[in-house]
Amino acid sequence: MMALVDAGIDVALVASDKPDAPGLAWARERGLATFALSPKGIGKPAYEAAIDAALREAGAEVIVLAGYMRLLSDDFVARWRGKIVNIHPSLLPKYKGLDTHARAIAAGDRVAGCSVHIVTEELDGGELLGQAEVPVLPDDTPDVLAARVLAAEHRLYPAIVKEFASR
């Protein structure tokens with residue numbers, strides 16, 4: 001999220017399912033509108049209705065997921081069809097889901113990376129908008145590889161989001 005803001009992308013709302021997320025304080029310090037609500041105790045439908053209302057009230061036209069680790073319901077995705085973008089820490093279609101860096105290392109991959117895609121009802125399965133590769137080095141651990149991929153994410157995501165939002 002910070003890389004997107006730093007790249008000059010117009011942000012209507014910074015939202016989180018974790019009210020104490022450090023990114024919310026960072027956004028507020030920069031004068032950005034924020035929304036925070038935990039889904040615990042209210043259920044997914046009520047949570048998604050609240051975030052949908054907040055996004056629409058803020059005038060959001062595109063949802064850019066950054067560090068959001070919840071699966072969106074099919075209904076939510078359908079309401080925002082073609083307007084939700086996500087970054088995933090693997091070269092999709094390889095390694096959908098979690099533990100991508102450990103899986104790439106275990107498979108003996110020489111290259112890993114990240115992918116920006118349109119969110120659909122299929123986990124990490126939407127149209128690819130861009131990818132960035134990084135080498136997998138012989139002594140890499142999942143954490144070391146993750147740091148290298150994160151640096152690539154911070155370069156790739158703002159560029160793809162700018163291009164996507166201008167379509």
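Buried residues have under 20% relative accessible area, exposed residues over 50%, and partly exposed residues lie in between (1.4 Å probe, protein chains only). At 28% relative accessibility, Val-62 therefore counts as partly exposed.

The model is predicted: local features need pLDDT of at least 70, side-chain atom pairs count only at pLDDT 80 or more, and totals for chains, interfaces and linings use all residues. Residues are numbered from 1 along each chain as its sequence is written, and side-chain values use heavy atoms, without hydrogens and water.

Val-62 sits in the loop between α3 (44-57) and β3 (63-64); helices (H or I, at least four residues) and strands (E, at least two) are DSSP runs, numbered from the N terminus. Contact denotes heavy atoms within 4.5 Å. Apart from neighbours within four places in sequence, Val-62 contacts Lys-83, Val-85 and Phe-164. Phe-164 is among the buried residues of α6, whose cover includes β3, β4 (84-88) and β5 (111-118).

A nonpolar core is a set of buried Ala, Val, Leu, Ile, Met, Phe, Trp, Tyr and Cys residues joined through side-chain atoms within 4.5 Å. Two such cores are listed below.

| Core | Size | Residues included |
|---|---|---|
| Largest | 22 residues | Val-85, Cys-114, Val-116, Leu-129 and Tyr-157, those with the most contacts inside it |
| Second, separate | 16 residues | Ile-51, Leu-65, Trp-80 and Ile-84, among others |

In the largest core, two or more residues come from each of β4, β5, β6 and α6. The largest share, eight residues, is given by α6. Beyond neighbours within four places in sequence, the contacts of Val-116 include Val-85, Leu-129, Leu-156, Tyr-157 and Ile-160.
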